[in-house]
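Q: Take me closely through one part of this model, please: the interface. I'd like the cut-offs spelled out as you go, and a bit of context from elsewhere in the model once you're done.

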Protein chains: 2
Amino acid sequence: MSSTPQLRSLSIDNINPHVKEAKYAVRGELAVRAETYRSQLAQQQGGSLPFDKIISANIGNPQQLDQKPITFFRQVLSLLEYPPLLEKEDVLLNNLGYQQDVLERARFLLKECRSIGAYSHSQGVPGIRNSVARFIAERDGHPSDPGSVYLSGGASSGVNTLLHIICSTPETGVLVPIPQYPLYTATLAVLNARCVPYYLDENHAWGTDMDAIRSALAKAKAEGTDVRAIAVINPGNPTGASLGEEDIKNVLEIAANEKLVVIADEVYQTNVFLGKFHSFKKVLRDLQSAEPGKYDNIELGSLHSVSKGMVGECGHRGGYFELVGFDPKVVEQIYKFVSISLCPPVIGQCLVELMVNPPREGEPSHALYKQEYNDIFAGLKARATALYEAFKEMEGVECQEPQGSMYLFPTIRLPPCAVEAAAKEGRKADEFYCFRLLDSTGVCVVPGSGFGQKEGTLHFRTTFLAPGTEWVGRIVKFHKEFMDEFKG
Amino acid sequence: MSSTPQLRSLSIDNINPHVKEAKYAVRGELAVRAETYRSQLAQQQGGSLPFDKIISANIGNPQQLDQKPITFFRQVLSLLEYPPLLEKEDVLLNNLGYQQDVLERARFLLKECRSIGAYSHSQGVPGIRNSVARFIAERDGHPSDPGSVYLSGGASSGVNTLLHIICSTPETGVLVPIPQYPLYTATLAVLNARCVPYYLDENHAWGTDMDAIRSALAKAKAEGTDVRAIAVINPGNPTGASLGEEDIKNVLEIAANEKLVVIADEVYQTNVFLGKFHSFKKVLRDLQSAEPGKYDNIELGSLHSVSKGMVGECGHRGGYFELVGFDPKVVEQIYKFVSISLCPPVIGQCLVELMVNPPREGEPSHALYKQEYNDIFAGLKARATALYEAFKEMEGVECQEPQGSMYLFPTIRLPPCAVEAAAKEGRKADEFYCFRLLDSTGVCVVPGSGFGQKEGTLHFRTTFLAPGTEWVGRIVKFHKEFMDEFKG
């Protein structure tokens, strides 16, 4: 039987154009090629490759590299997964090294969840939301309402929820820092809303530049954009900047005057090497106490996650966001929206509990927890510094001192011949550089164009999670050879 | 300092109108009221309530009720959460009742994931996708390509992905069965696309009525709707129908002729009490083998989940979808879209592995697995039958014989006075009935209007997951009193 050629329903020309517009370089072509090399190496078919290992420095994925999970957290989770273990208390305590507080926490969480295999309340398990509210209150010195806490599948899903509510027309705009974590631009593209870029100030440690925000806002308004929110990533991704209190006050001032929802992405709040983390919630409450009434119109959604910090549990997809100052009728819509996805992963919710309520001084698991936590912190700081020192020695590379988060975002100045060679391949120069780096060394980083950068500048983002310094040496060697090749 | 009233950025009048339009009754006002009662009872403040327990029959959430997790699954997951247990092999085997195959599977999964705390490939862990493909091949007798399998956070997230790709303009339409699980209408509303309802045939066990599909399609086209896909839920939610092979062939025939993507929601594939489950993939491949060329244009996305069946692990948010016949350029966009959310929960992915690759005959955990599986199946069937028998005795209630899934969806005929009383409260009559049921008995079900029903008919959906029969008695007694009260 012969057949006439038949067309499918879907082609690249008729699917959702807004999905097509979205860009997400962190897991794009470079990452795909790195995975191909990785499986070639795993299947011993990598004989022709000039390296024997892939270093995934493209994504903040601590446990894919060196970071060990916190023992207390994982012991509790093992009991949640198989509660009959709790009936073998003597074996747990005497043969397996579990402490009594591990058992207690598991019993508490099982009481709250009934079973981690059951859907929870769409907003998250109530007892865990109570713990989050206590954590926030303790961190900020201002109360937090568990009714305003939403547990989420990582912070990404929280950002997705907030942007879904805010973006109401194709003219809706959201101020997004550039460079930025591409979740923001990608989600705005999918929602057919406008990204209103405001450039961070590389010359001032990637700080938030109020003039840049004001002029971005004015320009957007002049173009008919209805700017409704401002996103701030603090500590910064990809920049590694850690904002001072004054910067945050200034952002809140603009938000109050311009009626902007503040989306505070604070997932790196414990990854701070220089200075101190200031939460938007605390600074807002301080301002509200100092000048009652003046900041009451501010709507703040602040996000946190189990994926980063010393927890590093990306794969568990846990996080939360806290809403402050939202209209109750809007909150009802947020609840309905999250309920369509039923509930965040319950085991991820339990990790949120453990993150916000770790073993306290005097409890049996505290000493080990503290030691593990401090070791991870010290390791990250040491590696950030080593990488920074290496970048300082590289020709045409300039990098801000590491302040926070998990990334360095150096500027690279490439010779004109390299820019030309890139153009011949139809690539941006930073992309070309990153592909060459991957092909030569197995080190995968992300070109600055994946995050946005000022016209005429080039960067790349690298995590400093990979253990050892051998891979840093590979980058240094590659860079020298690359520069020599294209110096012309 | 005095303050002038300041407006917020967001109000119910200026947020995303498409989110506002979405309806999701399964977790709506009734469910919220049930949760309020539950916490009153928990805090011993329920003295005035005429019941001492809430029965959540509104949502297919097996482990919130009676269903126990499968031992093999949870033993493996406990080791994944705390891998140092694997170093205590003797304790696991001799003191804790773990079998050797539990340890082997955990080692396999740790090798594949590295750590379950690490992000995986956005499409899912490659080794787990291989297992899914083998499962599909074994189930259907036709090969499956692991490259076409996408692991997802429950089937809901898979449906969300497919609809995001398909819905390109406000005129895009998707054929959705009515009654339906409201994920479909809610997601289409959020995406500003059109739901094209086709009514299922209650008089033929809620079967798929080809004439209804054809006339829905013709009507939609006449109204300028660009119909691009058809969703089929088999076994049915909320109807409990299980489709025969002929029904599926007919749907595929229409899909081939009309160029419709087929979205086959097969999450209840093991919850079948009458007849046999036929997958869309198998029937499609059979048709393609019988008449080469004729069905080559069909695009099929079929979904499965760890939430239902004898697994019942809703809280773990695991699932997958398989793509067949999609254009590679479209597939690239699907990959990019899922990569924006980074990856599905890794422990949920591991549960997918366990579901599709359970202990085999001759392996040490097989006997217990088989027994647990069969007991759950028998319990569900017995409860479905008990509920069905009770409905048969109730005045004005008619119910189809249970065939599959976790639900019964009886018709209720209410006296005119009840309809009037409902109208006075501004409620639909079925909603009014369900609120009365909850207020009197603590049993929470969902009104038919939450799923869609033919004009002039009334239904409710109840799960048959709650243990025992006492709660069924409560419904019967309530119904009699309700009918007596409103008979007039």
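A: Let's start with the polar side: between chain B and chain A there are 53 residue pairs in polar contact, both residues at pLDDT 80 or more. A polar contact is a pair of N or O atoms within 3.5 Å; within protein, one must be able to donate a hydrogen and the other to accept it, and residues adjacent in sequence count only if both atoms are side-chain atoms. As for helices, α1 (17–21), α3 (71–81), α7 (154–166), α8 (183–190), α12 (328–340) and α13 (346–356) of chain B each put at least two residues into the side of chain B that touches chain A. The top contributor to that side is α12(B), with 8 residues. Helices (H or I, at least four residues) and strands (E, at least two) are DSSP runs, numbered from the N terminus.

Some ground rules: this is a predicted model, where local features need pLDDT of at least 70, side-chain atom pairs count only at pLDDT 80 or more, and totals for chains, interfaces and linings use all residues. Residues are numbered from 1 along each chain as its sequence is written, chains are lettered from A and ligands numbered from 1 in the order in which they are written, and side-chain values use heavy atoms, with hydrogens and water left out.

Counting contacts (heavy atoms within 4.5 Å), 98 residues of chain B are in contact with 98 residues of chain A. The copies meet through the same surface, because 100% of the interface residues of chain B are also interface residues in chain A. Together the chains bury about 8,300 Å², with 57% of it on carbon and sulfur atoms. Buried area here is the accessible area (1.4 Å probe) that two parts lose on being put together, summed over both.

The charged pairs come next. A salt bridge needs a side-chain nitrogen of Lys or Arg within 4 Å of a carboxyl oxygen of Asp or Glu, and the rule finds 4 of them across the interface of chain B and chain A. One to look at is Glu81(A) with Arg74(B), whose closest N and O atoms are 3.9 Å apart. This pair crosses between chains, from helix α3 (residues 71–81) of chain A to helix α3 of chain B. Both Glu81(A) and Arg74(B) are buried, where buried means under 20% relative accessible area, exposed over 50%, and partly exposed in between (1.4 Å probe, protein chains only).

Back to one of the contributing helices, α7(B). It is mostly covered, with 11 of its 13 residues buried; among them are Ala155(B), Thr161(B) and His164(B). At 1.5 Å times one less than the number of residues, those 13 residues should span 18 Å, and the end C-alpha atoms sit 19 Å apart, which agrees. Thr161(B) counts as buried because its relative accessibility is 4%. Leaving out residues up to four places away in sequence, Thr161(B) touches Phe321(B), Ile334(B), Phe337(B) and Val338(B).

Ser305(B) belongs to strand β7 (residues 300–305) of chain B and is buried, with a relative accessible area of 4%. A polar atom of the Ser305(B) side chain lies 2.8 Å from the backbone nitrogen of Ser307(B).

For context away from the interface pair, the salt-bridge count over all chains comes to 52. One of these joins the side chains of Glu398(A) and Arg413(A) at 3.1 Å, N to O. That pair links distant parts of the chain, 15 residues apart: Glu398(A) is in strand β9 (residues 397–398) and Arg413(A) in the loop between β11 (411–412) and α15 (416–424) of chain A. Glu398(A) counts as partly exposed at 47%, and Arg413(A) is also partly exposed, at 47%.
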